[in-house]
Structures are given as structure tokens and as C-alpha cells.
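Please examine the sequence and the structure shown below.

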Amino acid sequence: MQAQLQGNHVATRSVCSAPVTAPRSIRKLRRRQLVVSSASTTQTVRRTTKKEAIKDARDDVRELIKGRHCNPILVRVAWHDSGTYDKNISEFPQRGGANGSVRFYPEISHAANAGLPVAVELLKDIADKYDGVSYADLFQMASAQAIELAGGPHIPLRYGRTDTCTEEEVAPEGRLPAGEGPFPEGVTLPGDHLRKVFYRMGFNDQEIVALSGAHTLGRVKKDRSGFGKEKTKYTENGPGTPGGTSWTIDWLKFDNSYFKDVKKHDDPDLVVLATDECLFADEGFRPYAEKYAESQDAFFEDYKKAHLKLSELGVKWDPEPIEFDA
């Protein structure tokens, strides 16, 4: 785990922070499992303080996003890391949450995490470069920066999350939400499924709807989730890797289009899953979905709060959270 910051020296990264690489197949991932950071050709950069290392890493993350148009997958990897949290479990890391465990096999190979080795690999050079920044922090940092650079609200993250160390500490499969049925544990309605998953994390109906609005970024890909088309008129030319089906026309822009487009549900080249459609069909969700479709300002304000809460689920601070003014 991250060693505690002492005096003017940056905490050093131990081998427990090493990720899996993006595999060509899960079989290859099983063989390799971990890549020790010391084997990287990226030169480690030491800074006077941990806070300075975090600031510099954040600058590098922003440049990565601008150059690779990878906003959606960086949001997703952070969500899937923190979304394993179970408020009924007190022990770390068994409770799940934002602890960096998604970088380890077998969690990275869970069905809901298809494609996420790409995100881990995108961030690996930055992780190796800044030895005072945990993967748990880096995933959440990348997500917040991806949203802000796409036109979304500034999310005032705090840093200092402790990483999990080994593949024995990963979250069990089945804690993340599904897009379509059949849903687990005998749940039949998509709204009830969302509540079962998000209530376990400590969210309420308003927060569930606000967080769902992040689907304004990104696409579903048939080879990963089985949903959508191979390509549409909105995705066939990228930017980034072409293909898939998006929720919105401008799927690299963070705004309230998701709610508008789901409500209309009149474009065959946009995806609307059961867990999207229920936001307007479910009586408990509908008032918030209608509100966000009408007011982007209201959506941004509520989303910012819910995202910040999501980013700190299950966190063990090392030693105390580090705050930034901007």
C-alpha cells in the first residue's frame, strides 16, 4: 500500500499498486495478471510533496484525455472501481469502493468490466511516473477531469486513497448494475434493480437519476455488452475508436442531452436500455429525470454532489484526505 507521507518526501509506490495490462484476451490476462511498475520504461518523477505529485499527474491526465478522446472509458473505470461498495460491510477492502482493485484479475475480467483493461493501460504510464499517486486516486482523478473537459461541472475531488494490494482483495462479481434484464436475485423491474444496487451503496432515488446522466458520455459496444449496433451515423467515424451506439448525438459532450434523448426515445441510432427508460417510467425517478431534462444547471449541481459521494465510497485515506481549491 501507499507509504505515509513523511516530511518533505513523497510516499513511494510498492509493487502492490501494479496493474494488469490491457490484454488481447482474458486468457492472456490470466497468464500475466500483474505488471510490476519497476519494469516500465516510464521514468518515475519524484516531487517535494504528495500534493504536488497529484497536481502534476492531473495535468498529464488532462493532456491524455485531450489527445485520445478517452473521456467515456475513464469515467467508466472510476465508476466500476467505486461502484462495488457495500455499506453493510465495514472492513477495508472487503467493503469495496474506490480502492483501485479494478486493476487486478479477476475483477478486471468480470462481465460488467469488459473493455476496462484499456482504461488501466491508458493510465499506467502516468501511474508509474508519479509514485506518490495511488491507482485509486488516479482512476477517480481521470473520471472527474474527463467530465470537466467534456463541458461538465468541476468536481472538487479529495485525494489520498489507499490502494488494495493483491488480487485476493478484489470485489466479488455481481455488485455493479446491469443495463437490461434478466436482473439478478429475482428482480424483474429495472427500477427495482437500480435501487437494489445503488441503495446498497447508500444512494437515494435523486442521486441514482443524477448519476445516470453521465451516460451522456460514451457508447455501448456490441462486442462488450451485447447491446446496440456495430456502428451508427454518430459513431462510425469516431472520434477515438469508431463504432458502437451512443446514448446521445454528441457523445463526447457532458450536458443534459441524455435526459432529453431518453425522454423522446425517437432516434433508432441512439441506445435506450431498460435502466434508462425506467427513469421516466418509474414514479420515484420521474420527477428528477424531468427536472434534469428541463434544467442543465439543476442536473450539474446534483450530479456534482452525487459524483463526489461516489468517488469516496469505501475509501481508506492515507493518512488524511488532501483537498484542492480548484
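## Burial and the overall chain

A residue is called buried if its relative accessible area is under 20%, exposed if over 50%, and partly exposed in between (1.4 Å probe, protein chains only). This is a predicted model, in which local features need pLDDT of at least 70, side-chain atom pairs count only at pLDDT 80 or more, and totals for chains, interfaces and linings use all residues. Residues are numbered from 1 along each chain as its sequence is written, and side-chain values use heavy atoms, with hydrogens and water left out.

The protein chain has 11 helices and 4 strands; helices (H or I, at least four residues) and strands (E, at least two) are DSSP runs, numbered from the N terminus. Of its 326 residues, 55% count as buried. Contact means heavy atoms within 4.5 Å. Among contacts between residues at least 6 apart in sequence, 73% join residues at least 24 apart.

## A covered helix

Helix α7 (residues 205-212) is mostly covered, with 7 of its 8 residues buried. These buried residues are D205, E207, I208, V209, A210, L211 and S212. Their cover includes α3, α6 (190-201), α8 (257-264), α9 (274-281), α10 (286-294) and α11 (296-311).

## Two packed helices

The axes of α3 (residues 71-82) and α4 (residues 116-129) come within 9 Å and cross at roughly 105 degrees. Helix α3 is therefore roughly perpendicular to α4. Axes are lines fitted to C-alpha atoms, for helices over the stretch in contact, and angles run from 0 to 180 degrees between N-to-C directions. Angles under 35 degrees count as roughly parallel, over 145 as roughly antiparallel, 65 to 115 as roughly perpendicular and the rest as oblique.

On α3, the contact is made by I73, L74, R76, V77 and H80; on α4, by L116, V118, A119, V120, L122 and L123.

## Aromatic rings

The whole structure holds 12 aromatic pairs. Rings of Phe, Tyr and Trp (its six-membered ring) pair if their centres lie within 6.5 Å; planes under 30 degrees apart count as stacked, over 60 as edge-to-face and the rest as tilted. The ring centres of Y159 and F324 are 5.5 Å apart and the planes stand at 85 degrees, so this pair is edge-to-face. Y159 belongs to strand β1 (residues 159-161) and F324 to the segment after β4 (317-322), 165 residues apart. Both Y159 and F324 are buried.

Elsewhere, ring pairs link F254, Y258, F259, Y292, F299, F300 and Y303 into a cluster.
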